[in-house]
Amino acid sequence: MRRSTFMAGSLALAAAVALGGRRKEGQAMATPTHFEFALSDAQWRARLTPEQYAVLREHATEPPWSSPLEKENRPGTYSCAGCDLPVFSSATKFHSGTGWPSFWQPLPDAVATSVDTSWMETRTEVHCRRCGGHLGHVFDDGPPPTGLRYCINGVALVFHPASTAT
Ligand SMILES: [Zn+2]
C-alpha cells in the first residue's frame, strides 16, 4: 500500500514537472486535466470538426499523407487547431518521409509532453501547452540541430502564412 502510494506520487510529480512544475497533490493520473484554455466536451465538439476532435481530444492519429500541411513549404506559423496558440514555425519544419508534418523543434513554451504507452512501445506524446489538445508524438531520430522529430497530425494544426500574418 505504501509502495503504490509512493508510485502514484512519483507519477503525479513527473506529470507536474512535464507541465512546467505546476504540481497537483493527490492526482495520480499522468494526464493533466486542467489547462489555461479549457472547454466542456460539448463546446469542443461544437468548436472542432469531427476529425479535429478525434485527434485533439481523443488522441487519434490521422492517416499518413492525408494532410495538405505535409507538403506545405511556405514560411509561416503553425498554430494549435484547438486554441490557436502558435506551436511550430516553418523554420523548423522538414520532410521526414513519414507522411505527417514534421518539425525538429516547437516554439518556446508552446507544447508539453507526456508518456504514452498505448501502443506496443512507449512513446512521448506531444500536446498543446494551453488547451491540452493532442498534437502528435516526438521521437529522437530527427535531424540536427536537435535530433528530434516532432511527428504532428496536420489536422491538429492551422497554418498561418507569413505573408498574411501581422
Ligand atoms: Zn491548444
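Good morning. A residue is called buried if its relative accessible area is under 20%, exposed if that area is over 50%, and partly exposed in between, with a 1.4 Å probe and only protein chains taken into account. By that definition, 40% of the 166 residues of the protein chain count as buried.

Two remarks on the source are needed. This is a predicted model, in which local features need pLDDT of at least 70, side-chain atom pairs count only at pLDDT 80 or more, and totals for chains, interfaces and linings use all residues. Residues are numbered from 1 along each chain as its sequence is written, and side-chain values use heavy atoms, with hydrogens and water left out.

I begin with the overall architecture. The protein chain has 3 helices and 9 strands. Helices (H or I, at least four residues) and strands (E, at least two) are DSSP runs, numbered from the N terminus. In which order do the elements run from the N terminus on? The order is α-α-α-β-β-β-β-β-β-β-β-β. The accessible surface of the chain comes to about 9500 Å², and carbon and sulfur atoms account for 58% of it. These areas come from the Shrake-Rupley method with a 1.4 Å probe; for residues, only the protein chains shown count as cover.

A contact means heavy atoms within 4.5 Å. Among contacts between residues at least 6 apart in sequence, 52% join residues at least 24 apart.

I turn now to the zinc ion. Which residues are its protein donors? They are Cys-80, Cys-83, Cys-128 and Cys-131, each through its SG atom, at 2.3 to 2.4 Å from the ion. Donors are N, O and S atoms within 2.8 Å of the metal (3.2 Å for Na, K and Ca); water is not among the atoms, so sites may look incomplete. The angles among the 4 donor atoms are 101 to 117°, and the site is tetrahedral. For reference, the ideal angle for four tetrahedral donors is 109.5 degrees.

The spacing of the donor residues in sequence is C-x2-C-x44-C-x2-C. Distant parts of the chain are linked here: Cys-80 lies in strand E1 (residues 76–80) and Cys-128 in strand E6 (residues 123–128), 48 residues apart. Cys-80 is buried, at a relative accessible area of 1%, and Cys-128 is buried as well, at 0%.

Next, the loop between helix H1 (2–18) and helix H2 (41–47), where Phe-37 has its place. Phe-37 is partly exposed, with a relative accessible area of 24%. Phe-37 and Gly-133 are 96 residues apart in sequence, yet 9.9 Å apart in space, C-alpha to C-alpha.

Glu-36 is found in the loop between H1 and H2 too. Is Glu-36 buried or exposed? At 58% relative accessibility, Glu-36 counts as exposed. Its side chain makes a polar contact of 2.9 Å with the side chain of Arg-129. A polar contact is a pair of N or O atoms within 3.5 Å; within protein, one must be able to donate a hydrogen and the other to accept it, and residues adjacent in sequence count only if both atoms are side-chain atoms.

Now the aromatic residues. Rings of Phe, Tyr and Trp (its six-membered ring) pair if their centres lie within 6.5 Å; planes under 30 degrees apart count as stacked, over 60 as edge-to-face and the rest as tilted. How many aromatic pairs does this rule give? The count comes to 5. Phe-37 and Trp-44 form a tilted pair, 5.8 Å centre to centre with 50° between the planes. Trp-44 is buried, at 2% relative accessibility. One aromatic cluster is formed by Tyr-78, Phe-88, Phe-103, Tyr-150 and Phe-159.

His-134 is buried at 1% relative accessibility, and a polar contact of 2.9 Å joins its side chain to that of Glu-125. His-137 is buried at 6%, and its side chain makes a polar contact of 2.8 Å with the side chain of Asp-116. Thank you.

Key:
Four donors count as tetrahedral if all angles lie between 85 and 135 degrees; four count as square planar and six as octahedral if opposite donors are over 155 degrees apart and all others between 65 and 115; anything else is irregular.
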